[in-house]
Amino acid sequence: MEGGGGGGEFSCRLCGLSTPFSYFGQKPPNTRAVVLLEESYVMKDPFSPDKEKFLVLGSSCSLCAKSVCVGTDCSLFYTRRFCLPCVKERLDQFPQQIQAEVAKKK
Ligand SMILES: [Zn+2]
Ligand SMILES: [Zn+2]
């Protein structure tokens with residue numbers, strides 16, 4: 001996937017959330033010191049007059065590459081982004097803290 005630029009429609013493959021995004025990558029434009037931990041779908045925060053404010057909508061799972069939103073029911077971030085189905089499949093490979101978090105969800 002090419003880094004940077006873009007714009008289009010982001011949709012979460014798990015919950016079906018669908019929303020336009022303005023940028024995909026790690027360094028949103030018009031922000032001075034922001035570097036995201038992962039390549040993300042972002043949009044300018046429509047509720048803020050501050051040009052540097054933006055919202056992170058989602059990212060892609062580092063295992064299955066599905067687009068997933070950052071909602072806690074869809075994905076989690078542990079050094080990389082993982083969708084919840086992938087986490088559940090490999091739960092024993094995640095630290096206790098993550099296992100406990102996932103166990104709380106259901
Ligand atoms: Zn979602
Ligand atoms: Zn996945």
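Predicted model: local features only at pLDDT ≥ 70, side-chain atom pairs only at ≥ 80, totals over all residues.
1. The site links distant parts of the chain: C15 and C74 are 59 residues apart. C15 lies in the loop between strand 1 (8–11) and strand 2 (18–21). C74 lies in the loop between strand 6 (67–69) and strand 7 (75–78).

2. Zinc geometry. The protein donors are the SG atoms of C12, C15, C69 and C74, lying 2.3 Å from the zinc ion (ligand 1). Angles among the 4 donor atoms run from 104 to 115 degrees. The site is tetrahedral.

3. Is C15 buried, exposed or partly exposed? C15 counts as partly exposed, because its relative accessibility is 48%. C74 has a relative accessible area of 5%, so C74 is buried; the cut-off for buried is under 20%.

4. Strand 5 and its cover. Strand 5 spans residues 54–60 and is mostly covered. Of its 7 residues, 5 are buried.

5. Pairing with strand 4. Strand 4 (residues 40–44) runs antiparallel to strand 5, and 5 bridges join them. One pairing to check by eye: M43 has L55 of strand 5 as its bridge partner.

6. Pairing with strand 6. Strand 5 also pairs with strand 6 in the antiparallel sense, over 3 bridges.

7. The hairpin turn. Strand 5 and strand 6 form a hairpin, with 6 residues between them. Which residue in the turn has a positive phi? That is A65, at about 65 degrees.

Terms used:
Residues numbered from 1 in each chain as written. Chains lettered and ligands numbered in written order. Heavy atoms only, no water. Donors = N, O, S within 2.8 Å, 3.2 Å for Na, K, Ca; no water. Tetrahedral: all angles 85-135°; square planar, octahedral: opposite > 155°, others 65-115°. Helix = DSSP H or I, 4+ residues; strand = E, 2+ residues; numbered from the N terminus. Buried < 20%, exposed > 50% of the residue type's maximum accessible area, 1.4 Å probe, protein only. Pairing = 2+ DSSP bridges.
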